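Please read them beside the structure.

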Amino acid sequence: MGLLSYIAQWRGIMKEVVDRTAITVKFLCLLHVTDNYLCSPSHVHGPSMLPTMNLTGDVILAEHVSPRLGKLGPGDLVLIRSPLNPNRTLTKRIVGLEGDRITYFDPRHGDLPLNAVVPVGHVWIQGDNIYASRDSRHFGPIPYGLIEGRVFFRGHESYANHFFQYFYGVIRFGHLIVLDRWIIKCVEDNKELDRV
């Protein structure tokens with residue numbers, strides 16, 4: 001009799017462990033899909049996008065659907081994988097699409113305007129601050145495949161840090177942001193459902 005109650009107790013504990021693990025795995029899968037295919041936050045800083053972005057840093061949200069559907073146009077702010085260092089992500093403005101003739105000014109070459117034609121499958125990007133930006137004027141047009149997302153929201157870094165630290169207590173897993181209070185709430189809700 002003691003052995004059967006002991007096994008029943010362990011069965012209940014194992015069921016709870018499996019249920020909580022399943023909830024956590026589902027949540028992490030949802031975050032992965034959201035972060036890689038729908039929308040992701042990013043921190044940007046530096047002088048290349050002045051005055052649009054702050055020198056001290058901004059938190060931006062980038063959606064990943066428009067680049068996949070080819071719905072980008074001149075004037076869009078985009079996140080791109082750096083063609084010089086694939087470990088870095090840059091934030092620049094699209095100036096021209098494939099087939100466009102671009103006339104640009106490069107401070108390194110004096111006051112003369114320069115011309116370029118954007119080849120098929122490429123875009124021309126530039127930073128808003130031409131004196132402090134490394135962009136297509138330095139490494140040429142970039143392949144469309146290096147575009148990771150289109151920026152649709154910008155918030156100042158201090159506001160975003162305050163919001164996340166005060167309300168959620170952020171845990172970082174690679175590129176995934178797991179909001180630990182949300183997980184606890186899901187687990188508590190699941191317990192309530194099990195009791196009913």
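1. Ser133 is buried, with a relative accessible area of 4% (buried means under 20% relative accessible area, exposed over 50%, partly exposed in between, with a 1.4 Å probe and protein chains only). Ser133 sits in the loop between E7 and helix H3 (136-139); helices (H or I, at least four residues) and strands (E, at least two) are DSSP runs numbered from the N terminus.

2. This is a predicted model, in which local features need pLDDT of at least 70, side-chain atom pairs count only at pLDDT 80 or more, and totals for chains, interfaces and linings use all residues. Residues are numbered from 1 along each chain as its sequence is written, and side-chain values use heavy atoms, with hydrogens and water left out.

3. Which residues does Ser133 touch, not counting residues up to four places away in sequence? They are Ser48, Lys92, Gly127 and His138, where contact means heavy atoms within 4.5 Å.

4. The largest nonpolar core has 10 residues, among them Leu72, Val78, Leu90, Val123 and Phe139. Such a core is a set of buried Ala, Val, Leu, Ile, Met, Phe, Trp, Tyr and Cys residues joined through side-chain atoms within 4.5 Å. Strands E3 (77-81), E4 (89-96) and E7 (122-126) each give two or more residues to this core. A second, separate core of 8 residues includes Val44 and Met49.

5. Leu90 touches Val78, Leu79, Ile80, Ser82 and Phe139, leaving aside residues up to four places away in sequence.

6. The chain has 5 helices and 11 strands. Of its 196 residues, 31% count as buried.
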